[in-house]
Amino acid sequence: DTVQFFAGKSAAVKGFGMLSFIEFGRRATGELYWGPPPSQEEASVGSRLEETIASHDIVVFSSGGCPFCSQAISELRTAGYSPTVIDCDPLLRQALAEKCGSRSVPKVFVKSHFVGGCNDGGMGGVVPLLHNGKLRELMES
């Protein structure tokens, strides 16, 4: 089983030898996971995340009461953009963490490119990219 997994012919395998209590495998995105396999609901959230990012020019994944989320959304709207704003639940935050490397919000995508949060991350963040014109370039591409 383990040989089949590492050869890419199996999606998951139960550990072996002293590690027989560990289950590991590969998510649909190709990333490895340790522990229980992702639930059907988690897999569904990941695919919905990808569909949402691909189907909107600007997507802001945010959380109510987050001042950086509010600032990123406000800056985008002031610049004349109409971002799609999605409030994150714990499963969506986990899917974003797997995609972007952290659970913090906001997570902003422009034309399917992860541009970061409000002031940092990804390509530098919404505010810096608005100020240097890079966000406009992405929107025009």
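The secondary structure of this protein chain comes to 6 helices and 7 strands, where helices (H or I, at least four residues) and strands (E, at least two) are DSSP runs numbered from the N terminus. Along the sequence, these elements follow the pattern α-β-β-β-α-β-α-β-α-β-β-α-α. Please keep in mind that this is a predicted model: local features need pLDDT of at least 70, side-chain atom pairs count only at pLDDT 80 or more, and totals for chains, interfaces and linings use all residues. Residues are numbered from 1 along each chain as its sequence is written, and side-chain values use heavy atoms, with hydrogens and water left out.

**The chain as a whole**

- Of the 141 residues in the protein chain, 33% count as buried; buried means under 20% relative accessible area, exposed means over 50%, and partly exposed is in between (1.4 Å probe, protein chains only).
- The accessible surface of the protein chain comes to about 8200 Å², and 53% of that belongs to carbon and sulfur atoms; the areas come from the Shrake-Rupley method with a 1.4 Å probe, and for residues only the protein chains shown count as cover.
- Among contacts with a separation of 6 or more, 44% are between residues 24 or more positions apart, a contact being heavy atoms within 4.5 Å.

**The sheet and its helices**

- An open sheet is formed by 4 strands in the order β5-β4-β6-β7, with mixed pairing; two strands pair if DSSP finds at least two bridges between them.
- The edge strands of this sheet are β5 and β7 (113–116), each of which pairs on one side only.
- From one strand to the next, the twist averages 25°; axes are lines fitted to C-alpha atoms, for helices over the stretch in contact, and angles run from 0 to 180 degrees between N-to-C directions.
- Strands β4 and β5 run parallel and are joined by 4 bridges, and phenylalanine 61 stands opposite isoleucine 86 in β5.
- Helix α3 packs on the sheet, where it touches β4, β5 and β6, and its direction makes about 160° with that of β4.
- Helix α4 (residues 90–100) also packs on the sheet, touching β4, β5, β6 and β7, with its direction at about 65° to that of β6.

**Aromatic rings**

- The count comes to 2 aromatic pairs; rings of Phe, Tyr and Trp (its six-membered ring) pair if their centres lie within 6.5 Å, and planes under 30 degrees apart count as stacked, over 60 as edge-to-face and the rest as tilted.
- Phenylalanine 61 and phenylalanine 109 have ring centres 5.9 Å apart and planes at 90°, so this pair is edge-to-face.
- That pair links distant parts of the chain, with phenylalanine 61 in strand β4 (residues 58–62) and phenylalanine 109 in strand β6 (residues 107–110), 48 residues apart.
- The rings of phenylalanine 109 and phenylalanine 114 have centres 5.3 Å apart and planes at 40°, so this pair is tilted.
- Together, the ring pairs link Phe61, Phe109 and Phe114 into a cluster.
- Phenylalanine 61 counts as buried at 1% relative accessibility, phenylalanine 109 counts as buried at 1%, and phenylalanine 114 counts as partly exposed at 24%.

**Cysteines and serine 62**

- The count comes to 0 disulfides, a disulfide being a pair of cysteine sulfur atoms within 2.5 Å.
- Cysteine 88 is in no disulfide, and the nearest cysteine sulfur, that of cysteine 69, is 7.6 Å away.
- Cysteine 88 counts as buried at 12% relative accessibility, whereas cysteine 100 counts as partly exposed at 22%.
- Serine 62 has its place in strand β4 and counts as buried at 6% relative accessibility.
- Leaving out residues up to four places away in sequence, serine 62 touches Cys69, Ile73, Val85, Ile86, Asp87, Cys88 and Val105.

**Proline 83**

- Proline 83 lies in the loop between α3 (67–78) and β5 (84–87), and at 9% relative accessibility proline 83 counts as buried.
- Proline 83 and valine 60 are 23 residues apart in sequence and 6.5 Å apart in space, taken C-alpha to C-alpha.
- Not counting residues up to four places away in sequence, proline 83 touches Ile58, Val60, Leu76 and Arg77.
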